[in-house]
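Look over the model below before reading on. This report covers charged pairs, a helix contact and a surface patch.

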Amino acid sequence: MKYLIILSFIIYDIYILQYFKRMFYTRYEGFFYYLAAILFNLTVTISAYLNLDHRIAVFLMMISVILIIFVLFNVNLLQMIYAGSLYIFSLYSSRGIICSLYSIILKQSIFKVLSDPIYYSCIFILSVFLSLLIFHITRKMAVPDYKARHALNNMGQLQFVVVYIIFQLLFLMLVNDGRYYETVPLWYTYLYLWACVSGKLYLEFAFHHTARVSELLEHELNINKLKEQLSRQLRHYQSYSRFTKSFKIFRHDYEKLMGSVKLLLNQKEYDKAAKMLDDIQVTMKKNVLVHKTYSDHVLLDAILQDAANTCQDLKIQFTACACLPSDISASEMDVVCIFSNMVDNAIEACSNLKEENRFIEISSQGTREWVIIEIVNSFDGKLIQSGGEFKTRKNNKISHGFGLQIIRRTTENLGGLLYLEPEAEKRIFKIKVCLPRLFQS
């Protein structure tokens, strides 16, 4: 029977690690890393339960999982605690449910039920599979993986869930102490069952609420970006309209002026013709507005046009030439999410520097398989990194700091790659967005 317990424990560990592998970015890939993690957790768990009080063993198991998550994945402290506490709480509350049901069905106290080695083993195995079943139902119905990622990246909301899990775990451990009384009344068993079931249900509600709030917050940020982009496109259109209007006025006079030049040339008045050509050139420079083009993609060009205007106001040296071919799968929303956030982050980073040190350079290159857009900007060399991700330095971290997350998620959803290459000593920050081409020639 003990081999079945170990096997069920290993299955539980594999499922949990695979789940968190989908939630977080991995530090290490490979079968042997995960095998070593499972063996480490199994060793800690068996040693703790054989030699220590169960209360201490529970927290040692949680610490073991926290260490494993820290080693295998790029996570911050709050995400590690969430992973460890969720791992234990799920197993502990499932065990409480199975224990209570055994006690009610057999009409025996929980103490007597757990005193039987066969019942004890069956309860553990069933607890593992109940936890896996609830996990699976949650992922399919309540909080799918893509929504869970929103919640796990929102530290303000995740903190609420972590606090709940830890306090609920402490409460269940307190209620669980009643099992040591052989003559405990039946109402205790129902209380224990209710505590475990309600704890699981409220955790489902809390995490679903957290994921929903995080998703809505990011949706609001995207809507704000779209509003900003509409303003950009309007300014871009107005700029282009002014250029077209000035060019039409010049073109109206151009034909008459060229007729005069032709007449002077026929009369061999070369000096006068040359002077008139010079005057035409001066008039063109003065009256025809210059309309710079930064990209062959209309939407991206509008973003870069607006960035150029902002940089001019902030005294930031701005150069850009970015081609975005039509054979990529990026929608207009994707273009806005990626490049608006990239440009906004670059402008914000430059604005913290002295005027003479501010610059932004945007370039592109292409291969048969990829389109690569690179943005290089100056920054003050100060970085805040947590869990392998660069974090915002703004005070309100709940409504800020999503820029790089949105860029990465949007890029990866398109099958692309995002590279962040900060050089703190040189005070240069590089971002490369690699997008796959659909029709490779």
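The whole structure holds seven salt bridges. The model is predicted. One of the bridges joins the side chains of Asp145 and Arg22, at 2.8 Å from N to O. Side chains of opposite charge can pair when their charged atoms come close.

Next, the helix contact. Two packed helices are described by the angle between their axes and the distance between the axes. The axes of H4 and H8 come within 9 Å. They cross at roughly 35 degrees, and the crossing is left-handed. The contact residues divide into 16 nonpolar, six polar and one charged. On the H4 side they include Leu78, Ile81, Tyr82, Leu86, Phe89 and Arg95. On the H8 side, Met155, Leu158, Val162, Ile165, Leu169 and Asn176 are among them.

Now the surface. Met1, Leu4, Leu7, Ile11, Ile118 and Phe129 make a nonpolar patch of about 560 Å². Helices H1 and H6 each supply at least two of its residues. H1 gives the most, with three residues. Ile11 is found in H1.

| Helix | Residues |
|---|---|
| H1 | 2-23 |
| H4 | 77-106 |
| H6 | 117-142 |
| H8 | 155-176 |

Terms used
Residues are numbered from 1 along each chain as its sequence is written. This is a predicted model: local features need pLDDT of at least 70, side-chain atom pairs count only at pLDDT 80 or more; totals for chains, interfaces and linings use all residues. Side-chain values use heavy atoms; hydrogens and water are left out. Axes are lines fitted to C-alpha atoms, for helices over the stretch in contact, and angles run from 0 to 180 degrees between N-to-C directions. Helices (H or I, at least four residues) and strands (E, at least two) are DSSP runs, numbered from the N terminus. A crossing is left-handed if the near helix is turned anticlockwise from the far one by less than a right angle, and right-handed if clockwise. Contact means heavy atoms within 4.5 Å. Ala, Val, Leu, Ile, Met, Phe, Trp, Tyr, Cys and Pro count as nonpolar, Asp, Glu, Lys and Arg as charged, and the others, Gly among them, as polar. Patches are made of residues with over 30% relative accessible area and no salt bridge: like charges are joined within 9 Å, nonpolar side chains (Val, Leu, Ile, Met, Phe, Trp, Tyr) within 5 Å. Accessible areas come from the Shrake-Rupley method with a 1.4 Å probe; for residues, only the protein chains shown count as cover. A salt bridge is a side-chain nitrogen of Lys or Arg within 4 Å of a carboxyl oxygen of Asp or Glu.
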